[in-house]
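Subject: Structure handover

Hello,

My notes on it come after.

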Amino acid sequence: MPAYYRATLAEFLADEPARVLGVLASRSAQQGFTDLKQRQLRAWEKQVAALRLIAAELATMIPASSGWGLLLEYPIPRRQKRIDAVLLAADVIFCTEFKTEE
């Protein structure tokens with residue numbers, strides 16, 4: 001899938017937050033968004049922190065969730081927009097849009 005970042009929840013929790021942010025920034029640049037703003041980086045920092053808390057809680061409550069997929073910045077075909085986070089949880093898909101104070 002063409003998401004900027006893709007991992008299982010276990011891989012996401014094992015990844016350093018700075019590496020996740022680096023992947024997001026790098027993929028954004030590859031897509032032609034070369035003027036990445038500090039505002040976007042701060043928003044991603046908050047999103048990654050929130051998602052890590054949720055992923056850790058899910059791992060505790062539902063051990064099988066470690067294999068669930070997480071996609072960050074998933075492009076919507078023919079729309080020129082992206083979904084902030086998509087969680088592929090067994091037979092359920094959760095699409096999440098984050099709003100930050102920035």
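The notes below cover strands, loops, rings and salt bridges, in that order.

This is a predicted model, in which local features need pLDDT of at least 70, side-chain atom pairs count only at pLDDT 80 or more, and totals for chains, interfaces and linings use all residues. Residues are numbered from 1 along each chain as its sequence is written, and side-chain values use heavy atoms, with hydrogens and water left out.

Strands

Helices (H or I, at least four residues) and strands (E, at least two) are DSSP runs, numbered from the N terminus. Two strands count as paired if DSSP finds at least two bridges between them. Strand S1 covers residues 5–8 and strand S2 residues 69–76; the two pair in the antiparallel sense over four bridges. Within that pairing, Thr-8 has Gly-69 of S2 as its bridge partner. S2 also runs antiparallel to strand S3 (residues 81–89), and seven bridges join them. Here Gly-69 stands opposite Leu-88 in S3.

In a regular strand the side chains alternate between the two faces of the sheet.

Loops

For accessibility, buried means under 20% relative accessible area, exposed means over 50%, and partly exposed is in between (1.4 Å probe, protein chains only).

Most residues other than glycine have a negative phi. Arg-78 has a positive phi, near 60 degrees. Arg-78 lies in the loop between S2 and S3, and the hairpin of these strands has four residues between them. With a relative accessible area of 84%, Arg-78 is exposed.

Ala-90 also has a positive phi, near 55 degrees, and is a residue other than glycine. Ala-90 is placed in the loop between S3 and strand S4 (92–96). Its relative accessible area is 70%, so Ala-90 counts as exposed.

Rings

Rings of Phe, Tyr and Trp (its six-membered ring) pair if their centres lie within 6.5 Å; planes under 30 degrees apart count as stacked, over 60 as edge-to-face and the rest as tilted. By this rule there is one aromatic pair. The pair is formed by Tyr-5 and Phe-12 and is edge-to-face, with 6.1 Å centre to centre and 65 degrees between the planes. Both Tyr-5 and Phe-12 are buried.

A charge sits over a ring if NZ of Lys or CZ of Arg is within 6 Å of the ring centre and within 35 degrees of the ring normal. The charged end of Arg-52 sits over the ring of Phe-12, 6.0 Å from its centre.

Salt bridges

A salt bridge is a side-chain nitrogen of Lys or Arg within 4 Å of a carboxyl oxygen of Asp or Glu. How many salt bridges does a search of the whole structure find? The search finds three.

- Arg-19 and Asp-15 meet through their side chains at 3.4 Å, N to O. Arg-19 is partly exposed at 45% relative accessibility, whereas Asp-15 is buried at 16%.
- Glu-73 and Arg-82 meet at 2.7 Å, N to O. Glu-73 has a relative accessible area of 3% and is therefore buried, while Arg-82, at 26%, counts as partly exposed.
- Lys-99 and Glu-97 have their closest N and O atoms 3.6 Å apart. Lys-99 is exposed at 71%, and Glu-97 is partly exposed at 45%.

Regards
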